[in-house]
Amino acid sequence: MQSTAILLVSVVFYLGIIQLALGVIITDPSQIAGTSPFDYIIVGGGTAGFVVANRLTENSTIRVLVLEAGIGDEGVLEMPIPFMGPILTPETQFGWNYTVAPQIGLDNRVFSYPRGRVLGGCSAVNYLIHQFGTDEDWNRIANLTSDPNWSWTNMKQYVQKYENLVPPLDGHNTTGQFIPSLHGFSGMVAASLPALNVTIDSRVMATLGQQSEFKYNEDTVGGDQSPLGIGFIQSSTGGGVRSSSYTAYYLTAATRPNLVVLTSVMVTNIVQTGTTSAGLKAFRSVQFVQGPGFPPITINATREVILSAGSIGTPKILQLSGIGNAADLKKLNIPVLINNTDVGNNLFDHTLLPNIFVVKDANANNTFDNLLRDPNQISIQTSDWLINKTGLFVNNIANNFGFARIALNGSADPAPGPKSPHYEMIFANLFFQNPGPFRPATGGYFTIGTMLTSPVSTGTVKISSTNPFDPPIIDPRYLTNQFDIIAMRESVRAILRFTAAPAWSDWIAGRFGQAFQNATDDASIDAYVRNLTISDMHPVGTASMSIAGTSGVVDSNLLVKGADGLRIVDASVFPRSPSLHSQGPVYLLAERAADIIKAAQRSTTSSTTSLSITPTVTSSKTSFPVTSTPASPGTVPEFGQCGGIVSHPSTVLF
């Protein structure tokens with residue numbers, strides 16, 4: 001009872017701190033009616049969106065509006081806790097709760113496809129892995145776009161702007177666990193090495209001395225350092241707390257009166273506002289609704305509309321707006337404004353196979369499984385995190401991971417170069433089969449997730465109707481290319497060799513599940529892979545960058561081809577899948593995008609037209625939807641814990 005009482009008091013205290021940190025976040029569109037024009041409208045307050053919003057509003061004369069479909073994380077105790085990443089999505093209010101279409105490469109299975117629907121986007125709900133991509137990843141983008149500014153030589157400067165590497169919370173000696181010259185120490189997003197040693201860490205390291213195939217890598221962040229080998233995970237945390245684009249980029253800009261965030265609204269389409277003298281269709285209006293049955297509202301930008309809705313949301317909005325494959329749009333009776341067959345195509349994604357081992361009874365209590373089955377223990381760990389920032393929950397769910405390549409035997413290499421991996425291994429001291437809290441009722445487990453990081457298979461994202469509330473059809477077509485299944489097969493063989501080291505002789509009792517137990521030759525391993533593989537949640541490519549005038553959706557300045565005033569800044573513009581975790585590459589992309597947009601400001605003159613925010617007439621009577629009580633004069637509205645409006649005194653109004 002005492003620990004529960006302490007926990008409740010701590011929760012109240014913690015949430016109070018969050019409330020004080022909030023700035024101008026509103027849920028009622030009427031609160032921006034009649035205000036000064038917005039120069040930019042950013043669709044999506046996610047990983048990339050808040051980077052751009054922060055950097056653009058450094059200029060106090062530039063006004064930015066961010067439209068976000070989700071809500072804030074106030075009142076959500078789990079979200080800032082690093083260990084809680086796996087339970088934040090799917091099937092929660094913080095995700096889009098998508099599923100994939102039946103996957104022909106995965107036994108026609110259908111499964112969840114987690115994407116963040118909350119301020120901060122996926123950076124607020126992901127598993128926090130912090131990497132830059134390899135130098136070869138960035139050089140490939142430069143080659144595919146014929147723009148050397150995307151090469152690593154140029155992109156590495158943004159590490160200093162985005163990364164703030166901080167000491168681990170436990171203060172342990174990190175010598176040999178990272179290379180300082182690769183990192184930034186004064187950027188926006190906190191990152192750290194593990195803050196808590198766990199029982200399998202020493203076994204992972206001991207294996208490197210017992211199996212010559214596996215080498216130690218002092219720093220797996222990428223960039224100038226190849227990630228190949230096994231080392232320590234760096235996570236986007238600081239002081240035992242998740243660092244997201246919301247906490248890092250929005251909250252540091254929250255006091256700026258020229259930045260406004262409107263939450264809980266669904267963007268339905270981008271609206272054409274004219275045609276340039278060069279024949280480009282101009283798009284500087286955004287239409288959105290507050291929910292099903294509400295009349296649409298249209299708002300204009302004087303400079304640009306910036307889509308940052310992610311690799312699923314961005315192509316969906318483009319297609320609903322009449323920008324996409326004309327044949328598909330005509331089937332839905334959507335007027336074709338720009339015929340671009342690449343919109344929604346070129347979907348790359350990493351795959352994840354959880355390889356689960358049963359831990360011997362003598363060591364079962366040394367895994368995290370029993371603790372996570374016990375509500376009282378969870379309460380104690382949560383209290384430790386809240387009060388002291390100690391205990392298990394200050395940490396990510398894993399401390400070590402590694403990257404490797406397979407023998408190509410004369411085949412073309414899908415990786416961007418010889419220093420970039422084909423697959424990943426991540427070592428977790430618990431049962432992990434799917435995102436979520438499920439685990440068997442008894443026993444201890446050890447999971448080695450293997451991930452395909454240089455996939456060849458590509459899929460599609462297509463709208464299924466003209467209703468913006470209907471989910472799109474997401475068909476990644478996982479493992480439909482022969483290289484992909486071979487790489488996943490070899491990843492299974494590799495972790496079996498890894499766990500055959502003496503370091504695991506008193507730890508592993510056997511493989512979990514009949515399919516894994518039966519995986520002994522190529523055919524049975526392939527069957528096992530196809531039966532259990534899921535998404536590793538790193539989709540890219542559905543609005544890909546390319547050379548101007550060729551296939552692709554945006555040019556190297558991220559402007560939509562055939563359009564004026566419309567730019568895309570999110571993971572959808574990557575032409576190929578980065579061979580490492582995608583969160584860091586998106587931050588770097590967004591930092592450079594902000595510089596590109598600032599350069600465009602200097603070469604153009606902003607329109608001086610007044611802000612137009614008008615409801616679309618849907619009947620003989622037009623009403624402006626208001627779903628929450630407007631703030632009183634002299635206050636700045638904030639997003640409340642339960643979705644309402646909380647007002648605080650302020651001298652600044654728009």
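Asn429 is in contact (heavy atoms within 4.5 Å) with Thr199, Ile200, Asn366, Thr367, Phe368, Ile397, Tyr445 and Trp507, when its neighbours within four places in sequence are left aside. In this predicted model, local features need pLDDT of at least 70 and side-chain atom pairs count only at pLDDT 80 or more, while totals for chains, interfaces and linings use all residues. Residues are numbered from 1 along each chain as its sequence is written, and side-chain values use heavy atoms, with hydrogens and water left out.

Asn429 is placed in the loop between strand S21 (423-428) and strand S22 (445-452); helices (H or I, at least four residues) and strands (E, at least two) are DSSP runs, numbered from the N terminus. At 2% relative accessibility, Asn429 counts as buried; the term buried means under 20% relative accessible area, exposed over 50%, and partly exposed in between (1.4 Å probe, protein chains only). From C-alpha to C-alpha, Asn429 and Tyr445 are 6.7 Å apart in space, and they are 16 residues apart in sequence.

Ser544 is another loop residue, found between strand S26 (534-535) and strand S27 (563-564). With 8% relative accessibility, Ser544 counts as buried. Beyond residues up to four places away in sequence, Ser544 touches Asn346, Gly552, Val553, Val554, Ser572, Val573, Phe574 and Pro575.

| Residue | Relative accessibility | Class |
|---|---|---|
| Asn429 | 2% | buried |
| Ser544 | 8% | buried |
| Asp107 | 45% | partly exposed |
| Asn333 | 68% | exposed |

Some of the backbone geometry deserves mention. Most residues other than glycine have a negative phi, and most peptide bonds are trans. Asp107, although not a glycine, has a positive phi of about 60°, and lies in the loop between S4 and strand S5 (112-113). Asn333 also has a positive phi, near 60°; its loop runs between helix H10 (326-331) and strand S18 (338-339). Thr89 and Pro90 are joined by a cis peptide bond, with omega about 0°. Pro90 lies in the loop between helix H3 (85-88) and strand S4 (98-99).

Turning to the helices, helix H13 (residues 482-499) packs against helix H15 (residues 522-532) at an angle of about 100°, with the axes 9 Å apart. Axes are lines fitted to C-alpha atoms, for helices over the stretch in contact, and angles run from 0 to 180 degrees between N-to-C directions. H13 is therefore roughly perpendicular to H15, a term for angles of 65 to 115 degrees. H13 contributes Ile485, Met488, Arg489, Val492 and Arg493 to the contact, and H15 contributes Asp522, Ile525, Asp526, Tyr528, Val529 and Arg530.

In helix H16 (residues 583-603), 16 of the 21 residues are buried, so this helix is largely enclosed by the rest of the structure.

For the protein as a whole, there are 16 helices and 31 strands. Buried residues make up 61% of the 654 residues. Of the contacts with a separation of 6 or more, 74% are between residues 24 or more positions apart.

The average pLDDT, the predictor's confidence in each residue from 0 to 100, is 89, and 89% of the residues score at least 70. Over residues 1-22, pLDDT stays under 50. The value also stays under 50 over residues 606-654. Where pLDDT is low, the predicted coordinates should not be read in detail.

Notes:
Angles under 35 degrees count as roughly parallel, over 145 as roughly antiparallel, 65 to 115 as roughly perpendicular and the rest as oblique.
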